[in-house]
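The following exercises concern a single protein chain. Each task is followed by a solution in steps.

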Amino acid sequence: MATSTTITTTTTTTTTTTTPPANTLATLSTTPNNGTSVKVVATLTKRSLLPAAWNTQVRTVQTHECREAALSLAHAFQADDYARYLVDIESNPPIEPEEETTSSSGTGNGVVSFNWSGFGGSGNPKSGVAKAATPESKWNLHVDILTYTVASHCIGGGLVTTVGEDFDSVALWVPPNPPPSLDSYLTHFRSGLWRLHFQLCPEGKRRLFDEILPLLHDTKQEVLGPEKENDAWYLVYLGTKPRSQGRGLGERLLRDGMMRADKERKQMYLESSSALNNEYYKKFGFEIKKEIYLKRGRWPVRLSIMVREPGVTGSAGKGRKMGKVVG
């Protein structure tokens, strides 16, 4: 607690009673022998426990902060095509309906039904009508996916960085030659990733485990080469809350990663799901190496594979001097 004292001297002998300001600790009026009124005001100033440096400095997210960091990413990617491809399947359904053979009670006859509901929804196998998930359940699943992903990086040996007093911008990194613990069963258990096997609907599981993960692995190996696929700084996510955009916070996180990569003379690798983001990353020296597509939905989702060579600054680096890495 800090207090400041202000002494105001007036030449009137009349004392008026006023309501003290909200931050005033006490007000005392006295009249000395010379007839001059003296008002003494003690003002209470509260100090915040939130470190002021968090507004400007890049720091490492701790394990107990995973949920807050994930919420920021969830807001940043709320309309992202890739995120919706996993969660909002009704807006981009499978090309062909999935047919399942079930047993009808009492008859033993096969009943064909189409049911790709999930995320808290349920279906009626007899009628084949799927009950759509609610917007709230889709949002919760979106947050859960990012929470598990952030936690796995914090626990398993990845790097999660943030800037801003309320996790305004967050970045997820896989460093070169990551430890085996990053993809271990223990990390999957502790982070909650195993829950996706039960939270995702059947079509969602097909998209994640049968399409996305193998495609991303094979593409990274193809673009970087079998010998260097794990020798680059891999930017998994970089997102800024909508209300915090335009302040250069995402750039601070990106430059932080660039400095780490340049110091180690390592490449940087990322997948971008937005043409607008492609232009942004090009300013920092990233180049598109390959375009891949997620094709299980009726409308494919494009991912641009981008790579930055060490030391390349791009147009955004001209005339700029990088600061110290914090965190």
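**Exercise 1: Contacts and core**

Task: Determine which residues L73 is in contact with, leaving aside its neighbours within four places in sequence.

Solution. With contact taken as heavy atoms within 4.5 Å, the partners of L73 beyond those neighbours are L146, V150, V170, L172, Y237 and G239. The model is predicted: local features require pLDDT of at least 70 and side-chain atom pairs pLDDT 80 or more, whereas totals for chains, interfaces and linings use all residues. Residues are numbered from 1 along each chain as its sequence is written, and side-chain values use heavy atoms, without hydrogens and water.

A nonpolar core is a set of buried Ala, Val, Leu, Ile, Met, Phe, Trp, Tyr and Cys residues joined through side-chain atoms within 4.5 Å; buried means under 20% relative accessible area, exposed over 50%, and partly exposed in between (1.4 Å probe, protein chains only). The largest such core has 42 residues, of which L73, V150 and L196 touch the most other members. Elements that each supply at least two residues include α1 (66-76), α3 (135-156) and α6 (202-224). Helix α3 gives the most, with eight residues. Helices (H or I, at least four residues) and strands (E, at least two) are DSSP runs, numbered from the N terminus.

**Exercise 2: The sheet**

Task: State the order of the seven strands in the open sheet, and identify which strands stand at the edges.

Solution. Strands pair if DSSP finds at least two bridges between them. The order is β4-β9-β10-β11-β12-β14-β13, with mixed pairing. Strands β4 (59-60) and β13 each have a single partner strand, so one side of each lacks a neighbour in the sheet. Within the sheet, β10 and β11 pair in the antiparallel sense over six bridges, and A171 stands opposite L238 in β11.

**Exercise 3: Aromatic pairs**

Task: Classify the geometry of the pair W173 and W233, and decide whether these residues are buried or exposed.

Solution. Rings of Phe, Tyr and Trp (its six-membered ring) pair if their centres lie within 6.5 Å; planes under 30 degrees apart are stacked, over 60 edge-to-face, and the rest tilted. The whole structure holds eight aromatic pairs. For W173 and W233 the centres are 6.1 Å apart and the planes at 80°, so the pair is edge-to-face. It links W173 in strand β10 (residues 169-174) to W233 in strand β11 (residues 233-240), 60 residues apart. Both W173 and W233 are buried.
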